[in-house]
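Biologist: I would like to learn how to read a structure one feature at a time, so please take me through the general idea first and then the case at hand.

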Amino acid sequence: MHPLDRVVAGLACREVLAELSAYLDGELPSARREALEAHLHACDTCTRFGGRVAGVVTALRASLRDEAADAAAVTRALARWRDGGTARLAPPGA
């Protein structure tokens, strides 16, 4: 048997890994989320791998937030430059 075919808490590791992204994004219905969580609590392999994936997703999201903030700053600076520095711009998030 392939290691990903191992069934823990009613789900095969292969199923859990296929839905890991949707789980991390909060896109699963509550019953499916609970089933994945039961598997993750009982399966060391998926917990370790899922933790690594979660770390990568968290870092990627932070990077994208930083890029969006940088893009907003550039947009504000360009608007100010185009107005000859006279425009009063709203602070980020306003």
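This is a predicted model: local features need pLDDT of at least 70, side-chain atom pairs count only at pLDDT 80 or more; totals for chains, interfaces and linings use all residues.

Biologist: Which side chains meet that of Arg32 in a salt bridge?

Modeller: In general, side chains of opposite charge can pair when their charged atoms come close. The rule applied here asks for a side-chain nitrogen of Lys or Arg within 4 Å of a carboxyl oxygen of Asp or Glu. The side chain of Glu19 meets that of Arg32 in such a bridge, at 2.5 Å from N to O. Because Glu19 lies in the loop between α1 and α2 (20–24) while Arg32 is in helix α3, this pair ties together parts that are 13 residues apart in sequence. Glu15 also forms a salt bridge with Arg32, at 3.5 Å from N to O.

Biologist: How many salt bridges does a search of the whole structure find?

Modeller: The search finds four. One of them joins Arg14 to Asp5, whose closest N and O atoms are 3.1 Å apart. Arg14 counts as partly exposed at 41% relative accessibility, and Asp5 falls into that class too, at 32%.

Biologist: How many helices and strands does the chain have?

Modeller: Such elements are DSSP runs numbered from the N terminus, where helices (H or I) need at least four residues and strands (E) at least two. The chain has four helices and two strands, and from the N terminus on they run β-β-α-α-α-α.

Biologist: Which residues make up the largest nonpolar core?

Modeller: A nonpolar core is a set of buried Ala, Val, Leu, Ile, Met, Phe, Trp, Tyr and Cys residues joined through side-chain atoms within 4.5 Å. The largest one has ten residues, namely Val8, Leu11, Cys13, Val16, Ala22, Leu28, Leu36, Leu40, Cys43 and Cys46. Helices α1 (13–18) and α3 each supply at least two residues of this core. Across the chain, buried residues make up 16% of the 94 residues.

Biologist: That core holds cysteines including Cys13 and Cys43. How many disulfides are there?

Modeller: A disulfide is a pair of cysteine sulfur atoms within 2.5 Å, and by this rule the count is zero. The sulfur of Cys13 is too far for a bond because its closest cysteine sulfur, in Cys46, is 3.6 Å away. For Cys43 the closest cysteine sulfur is that of Cys13, at 3.8 Å, which is again too far for a bond. Cys13 is buried at 2% relative accessibility, and Cys43 is buried at 0%.

Biologist: What is His39 in contact with, leaving aside its neighbours within four places in sequence?

Modeller: Contact means heavy atoms within 4.5 Å. With those neighbours left aside, His39 is in contact with residues including Arg6, Ala9, Cys13 and Cys46. His39 belongs to helix α3 (residues 30–42) and is buried, with a relative accessible area of 0%.

Biologist: What is the phi of Ala9?

Modeller: Most residues other than glycine have a negative phi, and most peptide bonds are trans. Ala9, although not a glycine, has a positive phi of about 55°. Ala9 sits in the loop between β1 (7–8) and β2 (11–12) and is partly exposed at 49% relative accessibility.

Key. Residues are numbered from 1 along each chain as its sequence is written. Side-chain values use heavy atoms; hydrogens and water are left out. Buried means under 20% relative accessible area, exposed over 50%, partly exposed in between (1.4 Å probe, protein chains only).
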